[in-house]
Structure formats: structure tokens, C-alpha cells
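Here are my notes on the model you passed along.

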Amino acid sequence: MLTQESARQITERIFLYSRADQTEAIINNATQSLTRYANNVITQNVHENELIDITIRVIKNGRTAQVSFNQTDDDSLKRALQEALILAKNQKKDPQTLPLVTRQSYEELNTYVERTTQVSPRERSETIKDAVRECAQHSLNASGIFANRANVIVIANSKKLFNYHRITEAEFTMTAIGPNSTGWAGEVNKDVSALNPLRIAQQAADKALKSKDPVSLPAGQYTVILEPAAVVEFLMFMAFNGFGAQIYQEGRSFISGKLGKKVFGDNISIMDDVYHPQNVGLPFDFEGLARQKVLLIDKGVVKNLVYDRLTAKRDKKNSTGHALPQPNAHGPLPINLVMMPGNSSLQEMIASTPKGVLVTEFHYTNLIDPMKLTLTGMTRNGTFLIENGAITRGLKNMRFTDSVIKALSNVELISKETKLDKGFFAGGFIAPALKINGFNFSSETKF
């Protein structure tokens, strides 16, 4: 992996060779390993070492352009800079292009664990063998992945900015498959030692066994208990369609015009917080500014947005450090959403439910109405009927169609435990389990 010194040497050469007025470089250096398994056997082992991606953005006479490439020798750097200048020359002047920032300070984050980078193919295969045994003893087929990754991300520019950060991530997932049922479980952590593959296998197998011979449930509104993996689906769509200042300013956000107003239930609070101890992410944004902790929803009330420099300028505010790589059409984005926990547990939620549905996760989720944040998707890998405070049997998968605004206005219980799930742009989402009343399932299926 690129050390801080070797990364600095690359960026200094870029700025030395550049003939632009201002130059920015974003470097992503990745090493990733993955072992995939299916039908209780390993099917694939992949290792990609020292992948490097460099994006150079130049500003010349009010015009800007960028190029991406993956070589660090002098000829490649010079050629990329030359191509960027040619592209910039043929662009129109963009009055919204802001000058690059100068050197910044930011709070260091401990998101790199050396042990995570050291997991060998043999260790992954031995771990998978032990986990698969849990499924095989119940005549279940197991599939999933065991992955360990490391990234170095650098944001630097010709005005002396140089930000360097390292991230590690380990992931173990399992889907246990029976004749007519499936069960899923998984964990993500910066520290591979914190993963518990045996527990994951036991959870997946237990779901597959409990959901065998599933029955149909008529479409309708039910009390639903969503495990954290399902709740994360809501957070992802909220991040893309709600809390960024640009889509708010353009009137395209589901919270447009609702700052200071109550939108969700009193028990819903959401932050963007890369500094949460469970989270992984960057302490700076893609303009180089320090990433701030932002309270977005406080007891159901919309409190704040996230900003980059351009959207902050429009609202006469300061950037919150949530810029994506510039330029981009989306504007700033919260990539470390955290839903605040409650004081319940999954077991207490089930015990308090006379009749309801337990959902492990959703998939094929799509946005129907962005202003109401209405989503539709399918349940997957463990859907259960709850009767008289207990799981009684598995259910065939169901399609839901409902507004996240409505759902999060009808949350009865929130779990104390939260889980991290993978996000995007080196971020993550943290969610508890939720018990929601009146959740709408729009159709049943045959599987």
C-alpha cells in the first residue's frame, strides 16, 4: 500500500509537471482479497494487489477538466496532464467552478487494522470450511463470501493540500439454502478479528431451517419487524434523495421545504457521523475539507442538511465536508448515516407482537415517488410469520410498497443493538432493528 511519503511524492510530481492554474489529484490505492463459496465448496479465490486509480482535475483560465488513469511513471503523469489541459481548453468557462482549497486540518480516524490486511487464502478457506460445516450438518447448502480489503485515499492539490487516510474492511456473509427456504446473515468490520463467522453460519442456518415449507400471507398492512440489513435500505435511499443540500435547493428532496418541521416519529433521530465507533470512512471530503458530524433528524424534526462548498455558498453557510469528487451533478452526499438506537431488542419486539412479519433483508428495492420517498422491493432470505409473540413459521417472499416517511412515523420500538453495513464512497451505514406498525405489503409471491 502507498505510504504517506510515497503518495506525497506522486502528487508532488503531478503538480511539478502541471501547466494548469490549479491542479487537484485524488488517488485510491486498493488491495482486496475475496474467497467465494457455493454449494458448500469454495468456488473462487481472487486477490488484486496494489490497484491504483488516479484522477487529475485541472483548472485553466476558468475552464476545468479531469482524466483518470492507473500508472505512476513520469510519462503517464505528463500525458494525463496534457490530455486534461486539452480537454479543459475545449470546455466552456464554468462560473460555478470554485478555486481549490488550501492546506486543511482534520481529525484523524482509526479505521485501519493491520491484521485485516494479513488474512491469507488458507485462513479464509479454513474459516469457510468451519462455517460451512454448520450448514452441511443440517443438509443445507451454504454460499457467500469472505473478503478483506484495504484502501489508501489521498486528496491533494497544488495549493499545498495533502490529505491521506487508510481504511480496512473485512466482510463475511452466508446464505443457507434448503429445499424451499433460505436464510442470510453477515457482518462487516474494520477489524477481521471482530467478525464471528461461526455465529453468522449458525444464524443463517437457523433462519433457513425455521423458514422451511413457507406459507403465503395475503397482501395488506401488517406490523413488521425489520432487521438492520433491511433498515439500511431505507437509509441508503434517504441519503441519495433527501439530506444533500443540492437536491434540497432544487426542490427534489423528500424534505424540501421542511427544515425545522416534524417529518418522522418522535423516536427517530439520524446523524451523519463518520466518527461513530462502529463506522468506517474518510475524515475529510473530496474537496479536502474536514468531515463534520451533522444531526439531520432530531426526534423526527428535520434539523440540517449536508453541504459542499458550492451549495454552502448558495445558502450563505459553511461546507459540512460532504463533497463528492468535483465536478458532479448530484451535489453533497451523506455517506455515513447513523440511525440512533432505542432501548429494545429483537427478541422483545417479537414477544410484543400479536401478529406480524419479521424481515431479514430486502432486495431489488427501487424508488417510486421521490417526494414521498415511496419504495418498492422484495423480502429475501428469511421472512417469518409472528403470532402471539413468537415466530411460528416461514413466509413466502412478499413485495412491499410503502413510503419511508410513513414507515418511520409509525415506529413502535427500536433496538439497542446496531449493525454496520457497507456504504459507498468509502462510507458505511449503521442501523438498528425497527418494529413498524401498518407496513404495506402490496403483493405475495410463489417462492
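1. Let's start with Leu296, which sits in strand β9 (residues 294-298); helices (H or I, at least four residues) and strands (E, at least two) are DSSP runs, numbered from the N terminus. Its relative accessibility is 0%, so Leu296 counts as buried. Here buried means under 20% relative accessible area, exposed over 50% and partly exposed in between, with a 1.4 Å probe and protein chains only.

2. What does Leu296 touch, leaving aside its neighbours within four places in sequence? The list includes Phe243, Ile270, Met271, Asp272 and Leu337, and also Val301, Val302, Lys303, Asn304, Leu305 and Val306. A contact here means heavy atoms within 4.5 Å. Leu259 is 37 residues away from Leu296 in sequence, and the two C-alpha atoms are 9.6 Å apart in space.

3. Before going further, a word on the source: this is a predicted model, where local features need pLDDT of at least 70 and side-chain atom pairs count only at pLDDT 80 or more, while totals for chains, interfaces and linings use all residues. Residues are numbered from 1 along each chain as its sequence is written, and side-chain values use heavy atoms, with hydrogens and water left out.

4. Not counting residues up to four places away in sequence, Asn157 touches Phe15, Thr23, Glu24, Leu100 and Val101.

5. On to helix α6 (residues 228-241): at 1.5 Å a residue, its 14 residues should span 20 Å, and the end C-alpha atoms are 20 Å apart, which agrees. The expected span is 1.5 Å times one less than the number of residues. Twelve of the 14 residues are buried, so α6 is largely enclosed by the rest of the structure. Among the buried ones are Val231, Glu233, Phe234, Phe237, Met238 and Asn241.

6. Now some backbone geometry to check. The Gln326 to Pro327 peptide bond is cis, with omega near -10°, and Pro327 is found in the loop between α8 (309-314) and β11 (337-339).

7. Glu50 is placed in strand β2 (residues 41-60) and counts as partly exposed at 34% relative accessibility. Asn388 lies in the loop between β13 (374-387) and β14 (390-394) and, at 72%, counts as exposed.

8. Finally, the whole chain. It has ten helices and 17 strands. Its radius of gyration is 24 Å, close to the 22 Å that the globule rule gives for 447 residues, so the chain is as compact as a globular protein of that length. That radius is taken over C-alpha atoms, and the rule is 2.2 Å times the number of residues to the power 0.38. The C-alpha trace spans about 70 × 55 × 35 Å along its principal axes, and buried residues make up 55% of the 447.
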